[in-house]
Amino acid sequence: MVCKFGGSSVENAGQIEKVKNIVGDSKNRKYVVVSAPGRDEAYHQKITDHLVNLATNGKHLAKKVTAKESKKAIFDKFSGLIEVLKIPDEGLLKSLEADLNTSLEGEKKIAFLASRGEHYNAKIIAAYFNLCGIDATLWLPEEGGFLLSSDFLNAKVLPEAHVNLAKLKGCESVCVIPGFYGVTKEGDIAVLSRGGSDLTGGEVAYSVEAVLYENWSDVNGVYEADPRIVKESDVIPRLTFKEIRLLSSKGFNVFHFDAMNNCRKSNIPINIRNTNRPSFAGTMILNERVPDEDVVGIARLDHMAYIYLEKEGLGETIGFTEGLLSIFNKYGIKTYHYPTDKDDIAVLLKKEDLAGNINNLRADIESQLTPDALEVVYDVAIISMVGIGMKYNSSVIADAVWTLKENHIDIEMLDHGPAKISFHIGVAQQHADRALELLYKKLILKK
């Protein structure tokens, strides 16, 4: 089994003690992927954010934490862990000090420093395991060959990484592996996208042919809806990879969107669990399951916008959609989906991505595509219903529309996913909480 522990699971000595107990509870937990510590005590910032703030000379954190203050927070965090866990220093803090004063520049510097949270936390946790009688081996990406592309701040895993990780199969001791970062073929440190420790865990599970990938965090699993809004929401016991990908892409942030790809290919189940409630079963993600419900989860994207275009025959014009999306790509704007009709198209995106871009974006669209009409609609919430049972019961859509109509909530957008296991409704942001509660009661509680 591969176990990944997120930042909240390893943020202090008490949490690391819980991790040790979980790993020691089963001899099958052989590969332990760890994140950087979570928030510090002084500034309540994640250690990785402090590291990036240091790398950018105090330009990363909006709360105006200086580079010097970030450096102290980082050093205090790791020195405090060493002291409380009573592990021997053995030059660890001296090495950390040298790394924090790196002479690297640019993206190489940011990637190197951003990786140090996982790097030193893994060293500390491996030493603590051994101190507590768990035979542990530290496997560092730069030594074992977790090879990444040279996109230093958003690197991709290279096939050779799997070959090198596969050498860990049959390891007698517990392998402690820092997540989030790897090394390029040239020997430079590169990092995956934020949340990359999930990705590391998935790649390890795939490479060693694990029977299970446990993803430990501070939540009980994947909830049916946001429990901060829908108090009745419960944990979903089983999801398919297809369902969790749809929910993740539409606002569920429990699990990294891309972390499950190779596990899905190799039919490795993923179990999302809570470090603070290890007896709770959590959510199991599988390739298939027998559905006993239509809608299994409801996700939501807030503060969205859409750009609506009308032009006679645009649906029959080859290359129109491609040309439109290329304009968004020019400004680095991510698009979510774009329902089309014979003469119309709407492109959904985050409202914040239009800030500083909307005037130039509009000018480019009008000059290059000459639409008959162009409208921008702001402050829309997209509510997405997901469940493989809907493939055989399309009446769920009618139930959702009728529920909103009965409660006088206008629909800004309605889109049915082509796989027939999801549909998306846009409502005004001011009605988002009420709409989510109503749809949850109607479609999941069946009230």
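I took domain bounds from an automatic or database domain assignment. On that basis the protein splits into domain 1 (2-218) and domain 2 (297-445). Their C-alpha centres lie 38 Å apart.

The model is predicted: local features need pLDDT of at least 70, side-chain atom pairs count only at pLDDT 80 or more, and totals for chains, interfaces and linings use all residues. Residues are numbered from 1 along each chain as its sequence is written, and side-chain values use heavy atoms, with hydrogens and water left out.

Next I looked up nonpolar cores (buried Ala, Val, Leu, Ile, Met, Phe, Trp, Tyr and Cys residues joined through side-chain atoms within 4.5 Å). Buried is under 20% relative accessible area, exposed over 50%, partly exposed in between (1.4 Å probe, protein chains only). The largest core has 90 residues, and V2, F5, F129 and I270 have the most contacts inside it. Helix 5 (residues 106-131) gives this core its largest share, 12 residues. Helices (H or I, at least four residues) and strands (E, at least two) are DSSP runs, numbered from the N terminus. Domain 1 and domain 2 each supply at least three residues to this core.

I then checked F5 for contacts (heavy atoms within 4.5 Å). Leaving out residues up to four places away in sequence, F5 touches residues including V10, V19, W216 and T275. I also found a second, separate core of 25 residues, with V230, V295, M385 and A435 among them.

Last, strand 12 (residues 344-350). Five of its seven residues are buried, so the rest of the structure largely encloses this strand. Strand 11 (residues 297-310) pairs with strand 12 in the antiparallel sense over seven bridges; pairing takes at least two DSSP bridges. M304 stands opposite K350 in strand 12.
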